Structures are given as C-alpha cells and as structure tokens.
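Reader: I would like a close look at one aspect of this model, its pockets and cavities. Please give the cut-offs behind each term as you go.

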Amino acid sequence: MRLSLCTLGLIDRPLEECIHLAADIGYQGIEPLAREPHLSPATPPQRVRAIAGLIREAGLAVPDLAAGVGGFSQLDPAGVQRQLDDLQRLLDIAVALSCPLVRILAGGPEPAQATATHWERAAEGLQRAAAIAASYGVRLGLELHYGYLHRDVAGVSRLLDSIGQANVGVIYDPANLYVARAEYGPAAVLRLGREILHVHVKDSVRVDAAGPGVMGPPPYLYRPRPLGQGGVDYPPIVAALREIGYDGFLSDESHQPGVEGAEVARQEYAALRALISQKEQKR
C-alpha cells in the first residue's frame, strides 16, 4: 500500500505548495480537493496543465480527485444535468492528471429516512454518470459518509447493486463509519472486498456535545485526533485490506482545528508509515 495526501486539511494553501509539501514529506501521491482555490469544474485548462506538470515533476501519483459532484437523489432533472456537466469537466481534469478515480455523491437522506424515489433517482443519476466516466476510462467512487444514502456498507452495497456499473466502486473511510456508529472495521472491509477502490485515513473521538474543536453536524459530533490517538482501530483494518488484496493508496484526510496543516501532514505520514510497516495482526 502507498500513501497519499488529501489537500482537504491544506485548503488555505495554494495547491502548488501542497504538491511540494507532499513530495518533501515522502508521500507517493496527492489527492486534490476539487474545490477552489485548488481545483474545480471552473478551473481553466491552462492551470490544470500547469498543475499536472508540477505533479509529474514531483514524482507523485493522483489516486483520486476529491470531488463533491452528484447528489442526484434530491435534485430535479435540471439539477441532475448541471451535476453531470460539472462531472464532465472534472473528468477532463482527471485525465489531464492521469487520475483513475473521481469521488461522486449519490445524495441523501440517510437510508433510514430515504424513500423509494430517493433510491431510484440516485441510481438513475449514477448510471448516467458512470456512462460518462466510462467514456473517459475513469472510475467513480462513492465515499462512505454519514448524511448520504451511502452512509454505511448496506447503503453503498444497495446502490452498487442497483446501478450495476463495473466502473463504480467505494471509497472506504473507516473514520466516517465510526462517527456514524456503523460497522467500520475488518468486517466492513471483507464485505466490500474488491469494491474498495480507495481508502481515506484519519482518526477521531466521538463526543456528545458541541464545544471547542468539535466538528460534524448533530448527532455526528466528533473531535479530530492524530492517527492512533482516536477511536478508530486501524491495525486490524490494514490487515483486512491486505487480506482482500488491496494494493492502492491510503490517503491521509486528517484536518485538526488549531494545528497547522503542514504539521498535521508530517505527523500523519509518520503514523501511517508505522501503521503499514506493522506485521499483519489478528482480528
């Protein structure tokens, strides 16, 4: 497994600086946030080409474009088309960056509140998105995240079954599952298996009330923590990923309020290196 740096925690820095930082620390990849001031559907092609050149010069891969496009389940036809238009522009960027995966969102609400119409609209939109992405040779990844139909393994599996597209899979984020109080560990990895296309890594502690440093919408309140100092038990997760033959990236997505982003990126890299160097542990 290789290590990449998501620029979410460095959104206040120019993307060019993030690229140099990731390479200097030792990351093998960078996962750009598809939001200004980094990259977005509105980013001019000449800037995309310049960024692609910098990434190549730094010797980094781009395993995923961290986009927020989609939300089909709660949109009218015009809204769906706008999202698909944005996706097409993001796919142009992905190809320029030699990036094989773009994150996409099906929309909400969570499964317990969803109607048949939500599931149907999500499936239809994702099928259209998958067809566009396939024409570019790019995959789409549904990130496990509270607030969406794909909040947990059951939800994302239902979506994948309903759309039946080989180029759509899962971005596995155990910390999001932990915050949602869903199954997040080895059992989730084994159930998803080859559907896992990319992995986000961060740590946190669930809390019951808002306060300094607390993030997330109620009831999903949490306090970000350095990797290995929160509630997510990562060694068995890494062992399970090895068991299913996952050989992609672990992408650091940590963002810790009050701690400078470059410092977080360095400390998380050291923790990730220690994590993947450990021998496979029994679950």
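**Pockets and cavities**

Author: α2 (45-58) and β6 each give at least two residues to the lining of the second largest pocket. Helices (H or I, at least four residues) and strands (E, at least two) are DSSP runs, counted from the N terminus. The model is a predicted one, in which local features need pLDDT of at least 70 and side-chain atom pairs count only at pLDDT 80 or more, while totals for chains, interfaces and linings use all residues. Residues are numbered from 1 along each chain as its sequence is written, and side-chain values use heavy atoms, with hydrogens and water left out.

The spaces are found on a 1 Å grid over the protein atoms alone: a pocket is an open set of points with protein on both sides within 12 Å along at least five of seven lines, a cavity is a set where a 1.4 Å probe fits but cannot get out, and lining residues have an atom within 4 Å of a point. Points are joined across faces, edges and corners, and a volume is the space filled by probe spheres set on them.

The largest pocket holds about 380 Å³. It is lined by 21 residues, of which L8, R103, E143, H145 and E253 are the closest to its centre. By class, this lining has 11 nonpolar, five polar and five charged residues; Ala, Val, Leu, Ile, Met, Phe, Trp, Tyr, Cys and Pro count as nonpolar, Asp, Glu, Lys and Arg as charged, and the others, Gly among them, as polar.

The second largest pocket has a volume of about 300 Å³. Among its 20 lining residues, V62, P63, P100, L101 and F249 are the closest to the centre. Here the lining splits into 14 nonpolar, three polar and three charged residues.

β6 (196-201) is also one end of a loop: G193 sits between α7 (186-192) and that strand. G193 counts as buried because its relative accessibility is 12% (buried is under 20% relative accessible area, exposed over 50%, partly exposed in between, with a 1.4 Å probe and protein chains only). Its C-alpha is 13 Å from that of A239, 46 residues away in sequence.

The largest cavity contains about 50 Å³ and is lined by K202, D203, S204, Y222, P224, R225, S254 and H255. β7 (203-206) and β8 (222-225) are the elements that supply two or more of these residues, and β8 has the largest share, with three. This lining comprises two nonpolar, three polar and three charged residues.
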